[in-house]
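Here is a short briefing on a protein model. Keep the sequence and the 3D view open as you read.

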Amino acid sequence: MKSNTTRAVRIITGNQAAALAAKNAKVRVVAAYPITPATPVVEELSKMVETGEMKAHFILVESEHSAMAACIGASAAGSRTFTATSSHGLAYMHELLHYATNARTPVVMAVANRAIGPGWNIWADLSDSISQRDTGWMQFYCSDNQEIYDTIIMAYRIAEHRDVLLPAMVCYDGFVLSHTAMPIEITDVNDFIDEYHPVWRLDFDEPSTHGNILPPDYFMELRREVCEAHERALKVMKEVEREFYEYSGRLTPLILEEYRLEDADVAMVTMGAISSEAKIAVDELRKRGVKAGLLRLKAFRPFPKQEVVEKLGSVEKVYVFDRSVSPGFDGQLFSELKAVLWDLRSPPEVYGRIVGLGGRDVTSRVFEKAVLGELDKKWVMEVIY
Amino acid sequence: MRISALPREEYLLPGNAACHGCASSMCLRTVLKALGKNTVLIVPASCTSVYQGMFPNSAIAVPVFNTAFASAAATASGIKASLLQQGIDANVVVWAGDGGTYDIGLQALSGAAERNEDIIYICYNNEMYSNTGIQRSGATPYGAWTTTTWSGKKEHRKDVAELMMSHEVPYVATASAGYLADLYQKVKKAKKMEGFRYIEILSPCPPGWRYPMEKTVEIGKLAVETGMWILYEYEEGHFRLTGVSKAIAEGRRKMKDIGEYLFAQGRFAHLSDGDVVKIREYVEDRWRKLVKMESDMHAASAKFYV
């Protein structure tokens, strides 16, 4: 830990943590449109820009589609950019999410996870960002507010790394984290992150054209480059995670977090805020003699295949809990986990459970009962107190 | 001003992929001469996405950022914000077709205009989706054949230049590919101003409008001479007709009959007498409306004569 690093503990919501992270990460252009439950990020940032506390240009766009377009334009022109959205807003951005990836603009976005309607549902559900899985964005799922702050700052270091150059979304459950205040350390990150050094600048003497027609002779190269950048990102994430630990004293995972997994026979796999309840369940199960453990995935894209295989290679059973679903198939994390474990000579048994859609409560009892075989159906409809 | 007086510098290079007789490329060449090298061009999906040339080549000798169809004005807003943050002074200019302006891009355009973004938005209006092969747009005039209005469009066009005036942006102007010197001077004037500036160019399209490619300039002039397209400027709240439109309004030139314009083009060849009457009434109504607008607004005298 650097001794001259200033820090302050503040009790703030996830949205406030996201806004502060953007400010401290030296974001210079923000373009955003309000949507519940991400709205307070937009409000906080506009206030900080208006008061001069944050040195940035805020474009109060008329839609999320334009928010992302403006971020891409500003990023391409040489600025560090940020936006925040949720649910329908993220869905509306979809076209531009692909655009940001292929344009290799390292935009970072906060996503307060929320269900997509109809009917109108403003509560926690990872379906919004999970359904943007194939846009080429890196995706990180946070489980507390400290993580939101730390991850947004680290996300810029990863996204802008010359081996990566990919956009990143930092996701956190709507209301459960976005509107819940908890104490977090606000570390001054001035020496951790510099002003943005753009890859290219507008050059009026040697002008170049970006994004014109790319014929079949070149397009596959571009797509392969994007995929290879995702693979390289895993290595960069490990470096940034360690560097941030040395800088701040906090080991905030970027790839995954394990809890009592070393000697576990049964592993639970989760993403996002429900992981805290799963940890309680691990302790409870262990009291009852079940050797349970937890693997929380922080990174969904790039998917840490090798790391997951290493962690789950020796367990007997795996229970995967998805706060999202792919209609016509299964929970997405469940599907991907099975695909990864298929490489093992003798893979564990893998079970999937759909939980907590549209903000339905997910308690530690849900995890316990699932592992004890008392919830044997795919859909966990019950709220168990 | 004579065309021969335009600067020699070329920023739209020969060998681009525009159709023969393309008004858009002719106008872009003129627009870039007016803007000069310190310009970044934002191009949404449109004919210009194609005729600028394929990677790794480009026919445009200023920085170009191609963007998604609905996003031109928003992307330009982001680029401008970034340049402001970096202290870089440059013309941020959208070059979009009528699809990207009238229809799919209207929301972003309206948002940027309302925010008074410091950008120039130029719409080259060829009154249809030319790039996808001649389909109806919100700018297609009544009666015109397209591949989605086989028996002729049943509705009149809307008018985004007037919509921009209702946004009360600092500058709105119309131009026509028939009068490049007028276009050049309007872009020059816009360049000197600040805030949101909108210029719309009537951009005839030989394959879409069904006329011989050497007639582009002639069609562009006929549109103005018959009142189908009206040249004007709206500047800081003042409206005035310009060029040939001004001359007609002042009685120095006689307005030509609409038939001369319509029947020079295959897209109107099927029109019935009733259709022609309907178009004539539309043109006359709109002409009266704009002439009245000029007198109501106590306009300053027009600067440009063609």
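B:Gly100 sits in helix H4 (residues 98-103) of chain B; helices (H or I, at least four residues) and strands (E, at least two) are DSSP runs, numbered from the N terminus. This is a predicted model, where local features need pLDDT of at least 70, side-chain atom pairs count only at pLDDT 80 or more, and totals for chains, interfaces and linings use all residues. Residues are numbered from 1 along each chain as its sequence is written, chains are lettered from A and ligands numbered from 1 in the order in which they are written, and side-chain values use heavy atoms, with hydrogens and water left out.

**Around B:Gly100**

- B:Gly100 counts as buried because its relative accessibility is 3%. Buried means under 20% relative accessible area, exposed over 50%, and partly exposed in between (1.4 Å probe, protein chains only).
- Beyond residues up to four places away in sequence, B:Gly100 touches B:Phe69, B:Gly105, B:Leu106 and B:Tyr121. Contact means heavy atoms within 4.5 Å.
- B:Ile120 is 20 residues from B:Gly100 in sequence. In space the two are 15 Å apart, C-alpha to C-alpha.

**Helix H9 of chain B**

- Helix H9 (residues 216-225) of chain B is largely enclosed by the rest of the structure, because seven of its ten residues are buried.
- Which residues of H9(B) are buried? They are B:Thr216, B:Ile219, B:Gly220, B:Leu222, B:Ala223, B:Val224 and B:Glu225.
- The cover over these buried residues includes helix H1 (23-35), E5, strand E6 (197-202), helix H8 (206-209), helix H10 (243-249) and helix H11 (258-262) of chain B.
- After H9(B) comes B:Gly227, with a positive phi near 85°.

**Strand E7 of chain B and its partners**

- Strand E7 (residues 232-235) of chain B is covered on both faces. B:Tyr232 and B:Tyr234 are buried on one side, B:Glu233 and B:Glu235 on the other.
- Strand E5 (residues 171-176) of chain B runs antiparallel to E7(B), joined by three bridges. Two strands pair if DSSP finds at least two bridges between them.
- In this pairing, B:Val172 stands opposite B:Tyr234 in E7(B).
- Strand E8 (residues 238-241) of chain B is also antiparallel to E7(B), with four bridges. Here B:Glu235 stands opposite B:His238 in E8(B).
- The hairpin of E7(B) and E8(B) has two residues between the strands. B:Glu236 takes a positive phi near 50° in this hairpin.

- B:Thr149 lies in the loop between strand E4 (120-125) and helix H6 (160-166) of chain B. Is B:Thr149 buried or exposed? B:Thr149 counts as buried, because its relative accessibility is 9%.
- The side chains of B:Thr149 and B:Thr146 make a polar contact of 2.6 Å. A polar contact is a pair of N or O atoms within 3.5 Å; within protein, one must be able to donate a hydrogen and the other to accept it, and residues adjacent in sequence count only if both atoms are side-chain atoms.
- Apart from neighbours within four places in sequence, B:Thr149 is in contact with B:Arg136 and B:Ala144.
- A:Asp150 is in helix H6 (residues 145-159) of chain A. A:Asp150 is buried, with a relative accessible area of 0%.
- A polar contact of 2.8 Å links the side chains of A:Asp150 and A:Arg250.
- Setting aside neighbours within four places in sequence, A:Asp150 is in contact with A:Phe244, A:Arg250 and A:Thr252.

**Where the chains meet**

- How many residues of chain A are in contact with chain B? There are 40, in contact with 43 residues of chain B.
- The area buried between the two chains is about 3100 Å², and carbon and sulfur atoms give 61% of that. Buried area is the accessible area (1.4 Å probe) that two parts lose on being put together, summed over both.
- In chain A, A:Phe204, A:Asn212 and A:Ile213 lose the most area to chain B, together 21% of what that side buries.
- The rule finds two salt bridges across this interface. A salt bridge is a side-chain nitrogen of Lys or Arg within 4 Å of a carboxyl oxygen of Asp or Glu.
- A:Glu62 forms a salt bridge with B:Arg115, with the closest N and O atoms 3.3 Å apart.
- Between chain A and chain B, 19 residue pairs are in polar contact (both at pLDDT 80 or more).
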